[in-house]
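Colleague: Could we go through the annotated sites on this one together? I'll ask, you answer.

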Amino acid sequence: TDKSDPKRIIIFVLGGPGSGKGTQCAKIVDTYGFLHLSAGDLLRAEINSGSSNGNMIQELIKDGKIVPSEVTVELLMKAMNEAKTNKFLIDGFPRNEENRLAFEKVAGLEPEFILYFDCPLEELEKRLLGRNEGRVDDNIDTIRKRFKVFLESSLPVIDYYDKMGKSRKVNATRSREEVFKAIEPLFEPFME
Ligand code: UP5
Ligand code: MG
């Protein structure tokens, strides 16, 4: 596949740690036929595969820090090139300006829009501490670090797309069902 395939449709799914990105992406995939690519899941799979980058990725995730763009962009490009669809939900990426620019350069693509799950940090903290999936970053120390990185590095990316008129902000404090109802109309145009 041509890595700059102009027919590719990309939606970035952004929001604080625990805002429901993964939960809502699973619902969108079922209904609208997108492929869900969670950058965090791809990085965790890379750790588990015993890759030479595994230790470095693991340490950064434990510390709530952002993995270098070249690593994440390569994993995303590989997943897109292997996909049988051209509609992608990219979840949890780009997390900083460096991520955004690296993806633009390598993929040669801009998102149709970004979905931004807006939710207060107190609610996010409650959700993450209640998740219990054994993630190395779901402890109060790492959660605080993740929040700091989100506010300092990720919100500016959301602002960037907002200024371009490309941000679709959703109140993610509501129930899973209410959030899904609010985002469904955004995906109707992409229904096959
Ligand atoms: N839940 C979901 N929706 C709910 C609702 N409406 N009401 C009540 N509860 C709700 O949800 C989190 C929890 O809340 C779950 O228990 C869920 O049931 C419940 P989830 O859907 O998992 O939220 P999500 O936003 O996906 O949370 P996640 O923790 O995955 O977000 P992060 O952005 O922190 O994690 P990610 O996996 O993207 O990244 C992890 C780390 O990887 C980063 O900190 C970073 O170190 C690294 N990373 C990079 O370096 N680069 C990248 O590009 C990506 C990741
Ligand atoms: Mg997630």
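**Annotated sites in the model**

Modeller: Let's start with Ser19: setting aside residues within four places in sequence, its contacts (C-beta atoms, placed from the backbone, within 7 Å) are Phe117, Cys119, Leu124 and Ala172. This is a predicted model, where local features need pLDDT of at least 70, side-chain atom pairs count only at pLDDT 80 or more, and totals for chains, interfaces and linings use all residues. Residues are numbered from 1 along each chain as its sequence is written, while chains are lettered from A and ligands numbered from 1 in the order in which they are written.

Colleague: Is Ser19 buried or exposed?

Modeller: A residue is buried with 20 or more other C-beta atoms within 10 Å of its own, exposed with 12 or fewer, and partly exposed in between, with C-beta atoms placed from the backbone. Ser19 has 26 such neighbours, so it counts as buried.

Colleague: And where does Ser19 sit?

Modeller: Helices (H or I, at least four residues) and strands (E, at least two) are DSSP runs numbered from the N terminus. Ser19 falls between strand 1 (9–15) and helix 1 (21–32), in the loop.

Colleague: Is Arg131 buried or exposed?

Modeller: UniProt's unreviewed entry puts Arg131 under "binding site", along with residues including Ser19 and Arg174; such annotations may be inferred rather than shown by experiment, positions follow the numbering used here, and feature names are shortened. Arg131 belongs to helix 6 (residues 121–131). Arg131 has 11 other C-beta atoms within 10 Å, so it is exposed.

Colleague: Which helix holds Asn99?

Modeller: The unreviewed UniProt entry lists Asn99 for "binding site" too. Asn99 is in helix 5 (residues 97–107).

Notes. Two residues are in contact if their C-beta atoms, placed from the backbone, lie within 7 Å.
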